[in-house]
Structure formats: structure tokens, C-alpha cells
Amino acid sequence: MNINSAIIQGEKVLKDNFIDNAHLDSEILMAKAIDKDRKYILLNSNRNINTKDLNSFQKLIKKRSLGKPVAYLTNKKFFWNSEFIVSKETLIPRPDTELVIEQVLKLTTHKKKLNILEIGIGSGCILLSILRERKNFYGTGIDISKSCLNISKLNAIKLKVSSKLKLYKSNVDKFTLGKYDLIISNPPYIKNYKLKYLEKDVAEFEPKLALDGGIDGLSEIRKVVKKSSELIKKSGKFVLEIGFDQKNKVTNLLKEEGFYINSINKDLANKDRCIVCTKI
Ligand SMILES: C[S@@+](CC[C@H](N)C(=O)[O-])C[C@H]1O[C@@H](n2cnc3c(N)ncnc32)[C@H](O)[C@@H]1O
């Protein structure tokens, strides 16, 4: 069988299992199975595929048809300007989260040197993207998950920013090190009774630790806001991703902790997603 026929067969299996973007997914999984990039596939679609590669392709298609996200099957995800390594313990970087980066870059156009803290670094997609964009910025990332820190470290090495990054395994509650010019966070913010109603790919495969915001969706945000108010320098900026329906409650929490709200920014679906504020 040639590469193209196998991709079409894979696409059919995915469509039969109601997977969106079946053709694209099948192509990406073929690239993974034969260890080439998609460009190779497009240029060599008539080449025959050997039995071993065909078997591994069909296994990947089977897993995808059960809902496992492509990023967890390939262990990579493109975000901002770079490809990030991901594992089943890290949240898959979301396009909406690029809003945090846009805001940070806007805020720091004229800044030469800056100390940044990210609370809940996950794969490192936010902080490492910023460190790549701004040569003299330094980053500290914390996460409660050791596996996330391991992946962040690998990504920092891959993106050549590891000399500007410190990582600590810590619950946000317990972290007391340093004072920062800028704090960023995309904390877990889904109400826990809603977790099971998320899309199957998310609900069954993404880490609960990255999603679960407790009974009201705000349990981690509360901790992050409180801790940020302690660790931020006076006049420092705080950029926080929130759930689309959390604007009012979170702005109140921020005001109670001495933050002035600069802006509330909308995501690609026009939903409130990112708050920029200043410690007064
Ligand atoms: C929504 S994910 C964000 C990951 C990454 N920053 C991104 O935007 O893709 C939240 C991260 O916070 C971490 N986390 C959850 N609770 C935490 C806590 N109490 N203290 C520190 N980190 C926590 C999770 O392990 C997860 O990596």
C-alpha cells in the first residue's frame, strides 16, 4: 500500500468515529509513524509504506479514534513561534493562551530587563515563548507537578532559554521566593462538576490537575491572586488567563488584593479571557 492510500484509509476510520479534521490528523499521524515531516508526505505520497510502519500508523489511528488528542500521540504542539514537547501530564497549549503573550509583549516593548514569575508553568509554552522574544528577560516557573517541570526543562533546552530559567516544584500556596516585575498565570479554572461535560478529548485525556478549579472554578485563582499580590513588586504587572464567565468575580478578587485593572482582553471567540492589572 502507498502512503496516500493508507492516509485515506486512516481518515475513513477517524470519520467513522466522528473525529473532526480526519484528513489532517491522519496525515500528521502518518508523519509520526514513518518519522518524517508532513512536507515529505506531500511530496512522497505514492511511495510504498512497509508493514512495520503501516502497523504503527494503524495503532495511532486506533488511539486517535478513541479520542486521544493528536498532540499526545505525537508528543508535540506548535504554540506562538515554537514547537513544544508535551506529555499526558501537561495541558496541551491552547491558541487562546497566546493572548497572554500578546499582552506581555505589548506591556514590555520598552523594557530592557525583567524578572518574570509564571505560576503553573505546565509545558512552559507561555514563559518560554516570552523568554525567546525578549533577550534580557529572566524567568522563574513553578508547578505542583514534577512531570510538568521536567517537560518545561526539556522545552527550555530545546528553545535555548534554559540559562534564563529557574524551575521550582511547589504548590502556589507555599512558594515564597523572590520579588517579580511581572507575574503571569493560566491557572486551572473549570468548575469541577463541569469537567465531565468537556469535549471527550479534553475530559478523558488532559490532566485534571491543569483543569480543576474546585467547586466554583475559583479555588486555584484565589491562591494565585493572593500569592501574586505578595510576590509582585510595587507597580508590577500581573497577566492572568481566566474562564469566559469569571471576569466579575476575578476582578473583585484582584481589587481586594490591591490590583488596579488595566484591561480585560477577549480571545479568538470574543470571550473575556485575559486580565492585565497593576499592583498599586
Ligand atoms: C491550565 S494549566 C496551564 C499550563 C501552561 N501554563 C499553559 O498555559 O499551557 C495549569 C498548571 O498549573 C499547575 N497547578 C495546578 N494547581 C497548582 C498549584 N496549586 N500550585 C502550582 N501549580 C499548580 C498544573 O499542574 C498545570 O500545569
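## Crossing of helices H1 and H2

The crossing of H1 and H2 is right-handed, a crossing being right-handed if the near helix is turned clockwise from the far one by less than a right angle, and left-handed if anticlockwise. Helix H1 covers residues 3-16 and helix H2 residues 22-33; their axes come within 8 Å and cross at roughly 130°. Helices (H or I, at least four residues) and strands (E, at least two) are DSSP runs, numbered from the N terminus. Axes are lines fitted to C-alpha atoms, for helices over the stretch in contact, and angles run from 0 to 180 degrees between N-to-C directions. H1 and H2 are therefore oblique to each other; angles under 35 degrees count as roughly parallel, over 145 as roughly antiparallel, 65 to 115 as roughly perpendicular and the rest as oblique.

On the H1 side, the contact is made by Ile3, Ala6, Ile7, Gly10, Glu11, Leu14 and Lys15, and on the H2 side by Ala22, His23, Asp25, Ser26, Glu27, Leu29 and Met30. Two residues are in contact if their C-beta atoms, placed from the backbone, lie within 7 Å. The residues of this contact comprise 7 nonpolar, 3 polar and 4 charged. Here Ala, Val, Leu, Ile, Met, Phe, Trp, Tyr, Cys and Pro count as nonpolar, Asp, Glu, Lys and Arg as charged, and the others, Gly among them, as polar.

## Model and domains

This is a predicted model, in which local features need pLDDT of at least 70 and side-chain atom pairs count only at pLDDT 80 or more, while totals for chains, interfaces and linings use all residues. Residues are numbered from 1 along each chain as its sequence is written.

The protein is divided into domain 1 (3-66) and domain 2 (80-279), with bounds that come from an automatic or database domain assignment. A distance of 34 Å separates the C-alpha centres of domain 1 and domain 2.

Most residues other than glycine have a negative phi. Asn75, in the loop between helix H5 (70-74) and strand S1 (76-79), has a positive phi near 60°. Asn75 counts as partly exposed, with 14 C-beta neighbours inside 10 Å. A residue is buried if 20 or more other C-beta atoms lie within 10 Å of its own, exposed if 12 or fewer, and partly exposed in between, with C-beta atoms placed from the backbone.

Trp80 also has a positive phi, near 55°. Its place is in the loop between S1 and strand S2 (82-85), and Trp80 is buried, with 20 other C-beta atoms within 10 Å.

H6 and helix H7 (residues 125-133) pack at an angle of about 35°, with their axes 10 Å apart, and their crossing is right-handed. Val100, Ile101, Val104 and Leu105 of H6 meet Ile126, Ser129, Ile130 and Glu133 of H7. Of the residues in this contact, 6 are nonpolar, 1 is polar and 1 is charged.

Lys111 lies in the loop between H6 (98-107) and strand S3 (114-119). Lys111 is partly exposed, with 14 other C-beta atoms within 10 Å. From C-alpha to C-alpha, Lys111 and Ile142 are 23 Å apart in space, and they are 31 residues apart in sequence.

## Asn155 in helix H8

Asn155 is found in helix H8 (residues 146-158) and counts as buried, with 27 C-beta neighbours inside 10 Å. Not counting residues up to four places away in sequence, Asn155 touches Phe84, Ile85, Ser123, Gly124 and Leu128. The C-alpha atoms of Asn155 and Leu240 are separated by 22 Å, the two residues being 85 residues apart along the chain.
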